[in-house]
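Hello,

I am passing on the structure we talked about, and the notes that follow it go through what was found, element by element. Please read them with the model open beside you.

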Amino acid sequence: MKKIAFASDHAGYQLKEVIKKYVSDKGYEVEDFGTHSEESCDYPDFAHPAALAVENGTCDFGIGMCGSGEGMQITLNKHQGIRAGLCWIPEVAALTRQHNNANFLVLPARFISEEEAFRIVDAYLNAEFEGGRHERRIEKISKF
């Protein structure tokens, strides 16, 4: 059973709760790094611990969200072992996995419906890394 790290700020809290149940019902194990309410908070406080869990292998991959998704994605991508993709449509979610081997899906909670979020999550979970020329590109990311 694959384990998913979850992280959100107050703007992403409600969507996080819905997506956690959605993936749990599909058989995934969930580890929630917060936030745990809609009280105003700072997304890095939750993004960093979730990123560390994916980097160290405690979780297989992650799903994060904040209002626009930008802050969450920027914070997650500060970690050398994280490739977080901000996805607003299913096609982008599939490609970020297929071409970038993204190990963190980021959702813009204020800009997508729950139904669209389900389609995005499904596209991400069902896609597989294609390797090949994409592997070469990924190897160059952390060499700077």
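**Helix α1 and the first crossover**

Helix α1 has 13 residues and reaches 19 Å from its first C-alpha to its last, which is close to the 18 Å expected at 1.5 Å a residue. Please keep in mind throughout that this is a predicted model. Within α1 the buried residues are Y13, L15, K16, I19, K20, Y22 and V23, and these pack against β1, β2, β3, β5 and α5 (residues 114-126). Just after the helix comes G27, which takes a positive phi of about 100 degrees.

As one point of reference across the pair, F6 stands opposite D32 in β2.

**Two residues of strand β1**

K3 lies in strand β1, and despite being a lysine it has a relative accessible area of 18%, which is under the 20% cut-off and therefore makes it buried. The side chain of K3 makes a polar contact with the side chain of E31, at 3.0 Å. Leaving aside neighbours within four places in sequence, K3 is in contact with E29, E31, T58, C59, D60 and F61.

A5 lies in the strand β1 as well, and with a relative accessibility of 0% A5 counts as buried. Setting aside neighbours within four places in sequence, the contacts of A5 are E31, F33, A50, V54, C59, F61, G62, I63 and F104. One of these, A50, is 45 residues away from A5 in sequence, although the two C-alpha atoms are 5.6 Å apart in space.

**Helix α2**

As for the length of the helix, the twelve residues of α2 (residues 44-55) should span 16 Å at 1.5 Å a residue, and the end C-alpha atoms are 16 Å apart, which agrees. Just after α2, G57 takes a positive phi of about 85 degrees.

How many of the five residues of β5 are buried? Five of the five are, so the strand is largely enclosed by the rest of the structure. F104, V106 and P108 point one way from β5, while L105 and L107 point the other way, and all are buried. In a regular strand the side chains alternate between the two faces of the sheet.

Strand β5 runs parallel to β3, to which five bridges join it, and in this pairing the bridge partner of G62 is F104. Strand β4 (residues 84-86) is likewise parallel to β5, with three bridges between them, and here L86 has V106 as its bridge partner. The chain goes from β4 through helix α4 (residues 90-100) to β5, and this β-α-β crossover is right-handed.

Q73 lies in helix α3 (residues 70-76) and is buried, with a relative accessible area of 18%. The side chain of Q73 reaches the backbone oxygen of A84 at 3.3 Å. Not counting residues up to four places away in sequence, Q73 touches A84, G85, L86 and V106.

H134, finally, is found in helix α6 (residues 133-141). Is this residue buried or exposed? H134 has a relative accessible area of 3%, so it is buried. Leaving aside neighbours within four places in sequence, H134 is in contact with Q98, H99 and F129. The C-alpha atoms of H134 and I63 are separated by 22 Å, and these two residues are 71 residues apart along the chain.

With best wishes

Definitions and conventions: Residues numbered from 1 in each chain as written. Predicted model: local features only at pLDDT ≥ 70, side-chain atom pairs only at ≥ 80, totals over all residues. Heavy atoms only, no water. Helix = DSSP H or I, 4+ residues; strand = E, 2+ residues; numbered from the N terminus. Buried < 20%, exposed > 50% of the residue type's maximum accessible area, 1.4 Å probe, protein only. Polar contact = N/O pair within 3.5 Å; in protein donor to acceptor, adjacent residues only side chain to side chain. Contact = heavy atoms within 4.5 Å. Pairing = 2+ DSSP bridges. Expected span 1.5 Å × (residues − 1). Right-handed = clockwise from strand over helix to strand, strands pointing away.
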